[in-house]
Amino acid sequence: MPDYLVTLESAWIIKDVKSMDDAVSIAISEAGKRLNPSAKFVEIEAGMIACPYCEGELNTALVVANTALVGLVLQMKVFRAESDEHAARIAKSVVGKALHDVPLKVQEVQAL
């Protein structure tokens with residue numbers, strides 16, 4: 001059975017924030033705290049999207065009225081899964097238990 005690298009996308013809401021950089025830092029820190037004891041092997045990064053006009057990369061954070069919505073990318077290695085779908089289900093289960101009430105979407109599954 002092969003190993004997989006599963007990339008998940010998550011949306012994180014931060015209240016009482018002054019800047020986009022602060023929002024991203026707080027979101028990564030809070031996600032890390034919730035993942036730490038049970039799923040500390042999950043890598044957390046700020047999400048990036050392609051600009052439709054200039055094709056450059058844009059941060060996936062938005063701050064309005066001191067409230068931010070931050071897109072995070074979570075990566076996890078899944079060992080000995082039966083298929084791509086099985087690896088995705090395992091990753092969503094492990095991360096979802098630690099980050100309950102946080103929406104998750106499978107972005108990519110790569111065989112290692």
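Me: What covers the buried residues of α2?
Reply: The cover includes β1 (4-15), α1 (20-39), β6 (67-78) and β7 (104-111). Helices (H or I, at least four residues) and strands (E, at least two) are DSSP runs, numbered from the N terminus. Buried means under 20% relative accessible area, exposed over 50%, and partly exposed in between, with a 1.4 Å probe and protein chains only.

Me: Where do these numbers come from?
Reply: The model is predicted: local features need pLDDT of at least 70 and side-chain atom pairs count only at pLDDT 80 or more, while totals for chains, interfaces and linings use all residues. Residues are numbered from 1 along each chain as its sequence is written, and side-chain values use heavy atoms, with hydrogens and water left out.

Me: Which residues of α2 are buried?
Reply: H86, A87, A88, A91, V95 and A98.

Me: And K97, buried or exposed?
Reply: K97, which is also in helix α2, is exposed, with a relative accessible area of 65%.

Me: How far is K97 from N66?
Reply: They are 28 Å apart in space, C-alpha to C-alpha, and 31 residues apart in sequence.

Me: What span should α2 have, at 1.5 Å a residue?
Reply: The helix has 15 residues (84-98), so it should span 21 Å. The expected span is 1.5 Å times one less than the number of residues. The end C-alpha atoms of α2 are 22 Å apart, which agrees.

Me: Stepping back, how many helices and strands are there in the protein?
Reply: There are two helices and seven strands. Along the sequence the pattern is β-α-β-β-β-β-β-α-β.

Me: What size of box do the C-alpha atoms fill?
Reply: Roughly 50 × 35 × 20 Å, taken along the principal axes. Of the 112 residues, 33% are buried.

Me: How many bridges join β1 to β6?
Reply: Twelve, and the two strands run antiparallel. Strands pair if DSSP finds at least two bridges between them. T7 has Q75 as its bridge partner in β6, and V6 stands opposite M76.

Me: How many bridges between β1 and β7?
Reply: Seven, again in the antiparallel sense. Y4 is partnered there with A111 of β7.

Me: What about β2 and β6, how many bridges?
Reply: Four bridges join β2 (residues 43-46) to β6, and these strands run antiparallel. E43 stands opposite Q75.

Me: And β5 with β6, how many?
Reply: Four bridges, antiparallel. L62 stands opposite L69 and V64 opposite T67. The hairpin of β5 and β6 has two residues between the strands, and A65 takes a positive phi near 55° in it.

Me: Which residues make the nonpolar surface patch?
Reply: I13, L62, V64 and L69 make a patch of about 400 Å². Patches are made of residues with over 30% relative accessible area and no salt bridge; like charges are joined within 9 Å, and nonpolar side chains (Val, Leu, Ile, Met, Phe, Trp, Tyr) within 5 Å. A salt bridge is a side-chain nitrogen of Lys or Arg within 4 Å of a carboxyl oxygen of Asp or Glu.

Me: Is L62 buried or exposed?
Reply: L62 lies in strand β5 (residues 61-64) and is exposed, with a relative accessible area of 53%.

Me: What is S10 in contact with, leaving aside neighbours within four places in sequence?
Reply: V70, G71, L72, L74, V102, P103 and L104. Contact means heavy atoms within 4.5 Å. For the protein, residues 24 or more positions apart account for 72% of the contacts with a separation of 6 or more.

Terms used:
Areas by Shrake-Rupley, 256 points an atom, 1.4 Å probe, with all protein chains shown as cover.
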